[in-house]
Amino acid sequence: MKVTMEVNNRYITIKTHIEGAPKESDFELKNAALALSIEAGSNDVIVKTLYVSIDPYQINRMKSYSSSRKATVAAAPINHGEAIDGYGVAKVVVSGNPEFQKDELVVGFVGWGEYKLVKGGDRLRKLDPMGFPLSNHAGIFGYGGLTAYTGFLEICKPRKGEKVFVSGASGSVGNLVGQFAKLFGCYVVGSVGNNKKVALLKEKLGFDDAFNYKEEPDLKATLRRYFPDGIDVYFDNVGGDMLEAAVANMNLFGRVAACGAISEYTNASKRASPNMLDAVYKRIKIQGFLVSDHINLYADFVSTIGDHLRNGKIQPLEDISNGVESIPSAFIGLFQGDNIGKKIVCVAED
């Protein structure tokens, strides 16, 4: 008689739709038996999650409604009780797919849990670690890194000597944008939420300057102080009042990469509007973008980042928690400014 092995799969779900800031009581750690077998003729894959990326955009999927869902399938809603998918690194446990073999490392959309059955091996690819830590492949080599790289190069189109402002500058995307800008020979200032992060940007990551926005009651005046000659490029991760202040201080033909609006995700009252008269007369380009727009650049990105890491020109900044049970607090912390760099959860060691 054939005996099918099974494992106890622990995974995170939401209890209800989340409106406002997420809290621990919004989440539930569930347990379910998972048979380690694949139906005959199936090309499904069962993976064991090693590292999972924790990303703020997921909050919009957890709401009862978000306009983001009209734009991309990546913003598909997460319903209560359902397993939550997320980008990460995993190991193949069982495979009916000829592209993936048992014990191979893969990267792609795994989940907020210990194991996942991936139908058809969808959105997975084989992983060559290239000598780098596996966490790097959920972080700097993942979608956050690609967002920073393509957003800065393709949307901002920087030129040497330009003045660059980055909000959310110690986060997973912002810290890399600042480092890329320095490699381009730009002058870079970042805004963050505490003085420890200010010191980190200037002393470790090479930003020319940085400030704690919580100590600045007049953001427009603050940016005039840091950019007396105006801003050429603004990489926006927060939206709200900061976007309004940045546009007010931008130079002619300035470019704004609208990457995120984390200040507005959990509090709609934080929404603000830039002066569109400035946008018109200064001929400012404000462009939103998604990382999926630039997947064709992924191979170039990996090659370039790998070289920069080996040569010490880029510093990876990771904030790692351990265990599937830590995922809710890791996620909640994103909206409280707890993370420094890319927030990742190590679900299991390889």
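Author: Helix α6 (residues 219-226) packs against helix α7 (residues 240-248) at an angle of about 45°. Their axes are 8 Å apart. This is a predicted model, so every value here is computed from predicted coordinates. An angle from 65 to 115 degrees would count as roughly perpendicular, and one under 35 degrees as roughly parallel. The angle of about 45° therefore makes α6 oblique to α7. The crossing of the two is right-handed.

Now the residues. From α6 come Leu-219, Lys-220 and Leu-223. From α7 come Asp-241, Met-242, Glu-244, Ala-245, Ala-246 and Ala-248. By class, six of the residues in this contact are nonpolar and three are charged. No polar residue takes part.

Next, the pair α3 and α4. Helix α4 spans residues 174-183, and its axis comes within 9 Å of the axis of α3. The two cross at roughly 45°. That makes α3 oblique to α4. This crossing, too, is right-handed. On the α3 side are Gly-145, Ala-148, Tyr-149 and Phe-152. They meet Leu-176, Val-177, Phe-180 and Ala-181 in α4. Seven of these residues are nonpolar and one is polar. None is charged.

Helix α3 has another partner, helix α10 (residues 298-310). Here the axes come within 10 Å and cross at roughly 95°. The two helices are therefore roughly perpendicular to each other. Gly-145, Leu-146 and Tyr-149 of α3 make this contact with Tyr-298, Asp-300, Phe-301 and Thr-304 of α10. The class count is four nonpolar, two polar and one charged. Gly-145 and Tyr-149 belong to the contact with α4, and they are also in the contact with α10.

Phe-180 is worth a stop.

In soluble globular proteins, nonpolar side chains tend to be buried together. In this model the largest nonpolar core has 51 residues. Phe-180 is among those with the most contacts inside it, along with Tyr-51, Phe-152, Val-164 and Phe-235. Helix α3 (residues 143-156) supplies the largest share of this core, six residues. A second, separate core has 22 residues, including Ile-18, Ile-54, Trp-112 and Ile-332.

Away from these helix pairs, consider Arg-61. Arg-61 sits in helix α1 (residues 58-62). The cut-off for buried is under 20% relative accessible area. Arg-61 has 7% relative accessibility, so it counts as buried. Beyond its neighbours within four places in sequence, Arg-61 is in contact with Arg-69, Ala-74, Ala-75, Ala-76, Pro-77, Ile-78 and Asp-85.

Two backbone details remain. Met-130 is not a glycine, but its phi is positive, about 60°. Met-130 lies in the loop between β7 (124-126) and α2 (134-138). Its relative accessibility is 29%, so Met-130 counts as partly exposed. Phe-253 also has a positive phi of about 60° without being a glycine. Phe-253 is placed in strand β12 (residues 250-258). With a relative accessible area of 48%, Phe-253 is partly exposed.

Methods
Residues are numbered from 1 along each chain as its sequence is written. This is a predicted model: local features need pLDDT of at least 70, side-chain atom pairs count only at pLDDT 80 or more; totals for chains, interfaces and linings use all residues. Side-chain values use heavy atoms; hydrogens and water are left out. A nonpolar core is a set of buried Ala, Val, Leu, Ile, Met, Phe, Trp, Tyr and Cys residues joined through side-chain atoms within 4.5 Å. Buried means under 20% relative accessible area, exposed over 50%, partly exposed in between (1.4 Å probe, protein chains only). Helices (H or I, at least four residues) and strands (E, at least two) are DSSP runs, numbered from the N terminus. Contact means heavy atoms within 4.5 Å. Axes are lines fitted to C-alpha atoms, for helices over the stretch in contact, and angles run from 0 to 180 degrees between N-to-C directions. Angles under 35 degrees count as roughly parallel, over 145 as roughly antiparallel, 65 to 115 as roughly perpendicular and the rest as oblique. A crossing is left-handed if the near helix is turned anticlockwise from the far one by less than a right angle, and right-handed if clockwise. Ala, Val, Leu, Ile, Met, Phe, Trp, Tyr, Cys and Pro count as nonpolar, Asp, Glu, Lys and Arg as charged, and the others, Gly among them, as polar.
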